[in-house]
Amino acid sequence: MARGLPSAASLARFCQKLNRLKPLEESAMETSLRRCLSTLDLTLLGVGGMVGSGLYVLTGTVAKTMAGPAVLLSFGIAAVASLLAALCYAEFGARVPRTGSAYLFTYVSMGELWAFLIGWNVLLEYLIGGAAVARAWSGYLDSIFGHSIRNFTQAHVGVWQVPLLGHYPDFLAAGILLLASAFVSCGARVSSWLNHTFSIISLLVILFIIILGFTLAQPDNWSAREGGFAPFGFSGVMAGTASCFFAFVGFDVIAASSEEAQNPRRAVPVAIAIALSLAASAYILVSTVLTLMVPWYSLEPDSALADAFYRRGYRWAGFIVATGSICAMNTVLLSNLFSLPRIVYAMAVDGLFFQVFSQVHPRTQVPVIGILVFGTLMALLALLLDLEALVQFLSIGTLLAYTFVAASIIVLRFQKASPPSSPGLASPGPLSKEHSSFSDHLQLVGTEQVSVPEPGQLRPALRRYLGFLSGCSPGAAVSWALGILVVSAIALACVLIFGNSALHLPQWGYILLLVLSSAMFLLSLLVLGAHQQQHRQDMFQIPMVPLTPALSILLNICLMLKLSYLTWVRFCIWLLIGLAVYFGYGIRHSKQSQQEAPGPTATRYVVFPSGSLEETVQAVQPPSQAPALVPAPTE
């Protein structure tokens, strides 16, 4: 690896001193990440990933162009929707402590193709999210110096008038991304230490903003004379909510880092809950303060908070806010650059992405090549693209990932559990395979005793009333019900979003479609609820399944439909590129495909993407010996 990247060796030596790492054994150098993150580390990683993006990137843009003072409602609704998704991530993160986040969760429940597409879209979200934050970071730093950096660049480079591109190349934004990439490549401990420092400063500045901002509040800024509280109406609030979803992607960072957590079963759910609560409170309070200090229509999108204090005559406060915002956005950059290469690493380990990204540096134990390559790509986006164009494209991939994770929870809950272990079963030995990829290492289902009826079968108490469902094979009714649930959620969302506007339906037609789609949605929920679920007492599980993930699916689809058609066009183009990568490379190098070679087999009980709970792997014993069952270890 060092020969391909000349600077990596010197950087690794520097990081070794900072991390106080001991040389690793050769056998573990290139296949595993280091478990070194505590609950506090994960919490601050999540807080840093959310707070900076929501406060300093989206608040001014959404308030000025989409929602007005009602931006606080946009953040509140986005927080509720994110809570539903966060519960799904918390259960998966505790149950599957592997790097990969939404990609992994989709892989184990829906299969390889869907998982690749989710990973591909999350990759784009991190790329654009990091570039947007870097542009905002540059804008805030520029505001401290009276926009002299912008004026200098425009005077010597010129002004661009090209759609989607910035008015000038932002060399400062590109430079900070390259510098952050260098620090993240130093290892998880260095990233965590930097994140702690910046997060504490950011939280102190947010407290300062709230206290001083309320003392400068002018309620007239919400009056009808200034446009009112919701000048764009409910539609504007929902459009703002769709964009504000980007503010909450920080909890996904926690799930993506679960493989490096010291105690993921406890740390991941606790860190997600605390981080989301703190971030949501900060968003709502700060957006309230901002729109009370100055009229919403006069906000400066690139540096709204600092500019608001400047205009109220508190230049010294604006300087503090700008400094705090820079620290906060540093944590977001670190979080993006920390998580993105790990998702790419997960895909590469499974053979779905180029193998060079599956390499882990022997000393820092991080995917250095992925960090440097995607850090450079992120820097190019920040150098060239406009901030508002980036913000409009932020949420669609995240919403799609949330939707698939919620559906994956339903799939997982109604899957058949593994059979009980017995003393007669062979112990792991030459018949079992060493797992190193997600397709190998999906230890989702424990070996505990499962009472009759098994998950996916109709509850005994309801068989006399729903006997027609008993004739279905185990899991078939659940699969059909989940499919109808998703289709009816799409139909219901279309009626709610477009029924009175784009579709121009008469009142009776609107009500009829609303009743039919709602009835199908509720009926599919009742069918799912009539079947037995898995219940585990040794780890966190979402309450009220299938209702909670179903509401998450419905709300996510509604928010996706509120995004602009240009966002959907760009999303479809990116999706087509991803399909070309998958069918051109991934499907031929997939670990799953390589494991399906015919021959004598041994069985390990895991959750396999096809929906079966057992994976067959080629036995290494002589053909004359009978294969033995090897239960997968309980988490």
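Mentor: Helix 5 (residues 112-144) passes helix 7 (residues 171-184) in a right-handed crossing, where helices are DSSP runs (H or I, at least four residues) numbered from the N terminus. This is a predicted model, in which local features need pLDDT of at least 70 and side-chain atom pairs count only at pLDDT 80 or more, while totals for chains, interfaces and linings use all residues. Residues are numbered from 1 along each chain as its sequence is written, and side-chain values use heavy atoms, with hydrogens and water left out.

Trainee: What makes helix 5 oblique to helix 7?

Mentor: The two pack at an angle of about 120 degrees, with their axes 8 Å apart, the axes being lines fitted to C-alpha atoms over the stretch in contact and the angles running from 0 to 180 degrees between N-to-C directions. Angles under 35 degrees count as roughly parallel, over 145 as roughly antiparallel, 65 to 115 as roughly perpendicular and the rest as oblique, so helix 5 is oblique to helix 7.

Trainee: Which residues in helix 5 and helix 7 meet?

Mentor: Among them are G130, A134 and W137 in helix 5, and L172 and I176 in helix 7, contact meaning heavy atoms within 4.5 Å.

Trainee: What joins the side chains of S408 and S109?

Mentor: A polar contact of 2.7 Å joins them, and that value falls inside the limit for a pair of N or O atoms within 3.5 Å, one able to donate a hydrogen and the other to accept it. Leaving aside neighbours within four places in sequence, S408 is also in contact with residues including F92, F105 and T106.

Trainee: How do you know whether M544 is buried or exposed?

Mentor: M544 is found in the loop between helix 19 and helix 20, and because its relative accessible area is 58%, M544 is exposed. Phi of M544 is near 55 degrees, a positive value in a residue other than glycine.

Trainee: Which peptide bond is cis, and what is its omega?

Mentor: The bond from V545 to P546 is cis, with omega near 15 degrees, and P546 has its place in the loop between helix 19 (507-529) and helix 20 (547-561).

Notes:
Left-handed = near helix turned anticlockwise from the far one by under 90°. Buried < 20%, exposed > 50% of the residue type's maximum accessible area, 1.4 Å probe, protein only.
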